[in-house]
Amino acid sequence: EAGEAWTVILKSCGQTWGGRLARRLDRELQTLGGSTLGDTPIGQLGHSLQRYFGFHGWGDLTLQLDLAQTRGILQAELRDSIFAEVIRQSSVPVDSMMAGILASLFSYLSQHKLDCLQTTCTTQGAGFSRFVITSPERTERARELLEQGTSHEQLVESI
């Protein structure tokens, strides 16, 4: 019903959902142990998010945090994505809601506005979905590179 705008709509829904999720997790951590999401070591947080995604049936999430401190780039992989299972063929990546969730979660954690761009998708022949999470200016540049056929690895090196 939304036509070509469906990816924008789902990403916006994901951003709302991800923001609410981050705030709820933060409140629960404070209630249970007095700590916050910001106090949680990034490795532990990454593991918790992986389990959370799997528990809810969204897919098997893997976070790559090695470029976060030095270059301000997070990468994520999502295998067995629920959206890719439902939408088996598409000319565009289909994990827009997941991109929105990841953007909002990491924006909340970093206290900086971040965006998330999906760079590969199984509906387009890739083995799994990949994402780049960084500043909106950098994801816009990455989007341009992606449209020119740049691979995920080349894109990460270029931004």
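Gln30 touches Ser35 and Thr36, not counting residues up to four places away in sequence, where contact means heavy atoms within 4.5 Å. The place of this residue, Gln30, is in helix H1, and at 40% relative accessibility Gln30 counts as partly exposed; buried means under 20% relative accessible area, exposed over 50%, and partly exposed in between, with a 1.4 Å probe and protein chains only. Helices (H or I, at least four residues) and strands (E, at least two) are DSSP runs, numbered from the N terminus.

This is a predicted model, in which local features need pLDDT of at least 70 and side-chain atom pairs count only at pLDDT 80 or more, while totals for chains, interfaces and linings use all residues. Residues are numbered from 1 along each chain as its sequence is written, and side-chain values use heavy atoms, with hydrogens and water left out.

**Helix packing**

- Two packed helices are described by the angle between their axes and the distance between the axes.
- The axes of helix H2 (residues 42–55) and helix H5 (residues 96–110) come within 14 Å and cross at roughly 150°; axes are lines fitted to C-alpha atoms, for helices over the stretch in contact, and angles run from 0 to 180 degrees between N-to-C directions.
- H2 and H5 are therefore roughly antiparallel to each other, given that angles under 35 degrees count as roughly parallel, over 145 as roughly antiparallel, 65 to 115 as roughly perpendicular and the rest as oblique.
- On the H2 side the contact is made by Leu45, Leu49 and Phe53, and on the H5 side by Met98, Ile101, Leu102, Leu105, Phe106 and Leu109.
- By class, this contact of H2 with H5 has nine nonpolar, no polar and no charged residues, where Ala, Val, Leu, Ile, Met, Phe, Trp, Tyr, Cys and Pro count as nonpolar, Asp, Glu, Lys and Arg as charged, and the others, Gly among them, as polar.
- H1 and H5 pack at an angle of about 40°, with their axes 6 Å apart, and the residues of the contact of H1 with H5 divide into 10 nonpolar, nine polar and three charged.

**Nonpolar cores**

- In soluble globular proteins, nonpolar side chains tend to be buried together.
- The largest nonpolar core has 30 residues, of which Phe53, Leu61, Met98, Leu102, Phe106 and Phe131 touch the most other members; a nonpolar core is a set of buried Ala, Val, Leu, Ile, Met, Phe, Trp, Tyr and Cys residues joined through side-chain atoms within 4.5 Å.
- Two or more residues of this core come from each of helix H1 (6–33), H2, strand S1 (60–64), strand S2 (74–79), helix H4 (82–86), H5 and strand S4 (129–134), and the largest share, eight residues, comes from H5.
- A second, separate core of nine residues includes Leu67, Ile73, Val132 and Ala142.
- Leaving aside its neighbours within four places in sequence, Leu61 is in contact with Leu49, Gln50, Phe53, Ala76, Glu77, Leu78 and Leu102.
- Met98 is found in helix H5 and counts as buried, at 1% relative accessibility.
- With neighbours within four places in sequence left aside, Met98 is in contact with Phe53, Trp58, Leu78, Phe83 and Phe131.

**The loop between S3 and S4**

- Cys121 has its place in the loop between S3 and S4 and counts as buried, at 1% relative accessibility.
- Not counting residues up to four places away in sequence, Cys121 touches Pro93, Val94, Asp95, Ala126, Phe128 and Ser129.
- Although Cys121 and Val94 are 27 residues apart in sequence, they are 7.1 Å apart in space, C-alpha to C-alpha.
- Gln124 is also found in the loop between S3 and S4 and is partly exposed, with a relative accessible area of 40%.
- Leaving aside its neighbours within four places in sequence, Gln124 is in contact with Ser90, Ser91, Val92 and Pro93.

**Positive phi outside glycine**

- Asp80, which lies in the loop between S2 and H4, has a positive phi of about 55° although it is not a glycine, and Asp80 is exposed, with a relative accessible area of 60%.
- Gln111, found in the loop between H5 and strand S3 (115–120), has a positive phi of about 60° although it is not a glycine, and Gln111 counts as exposed at 70% relative accessibility.
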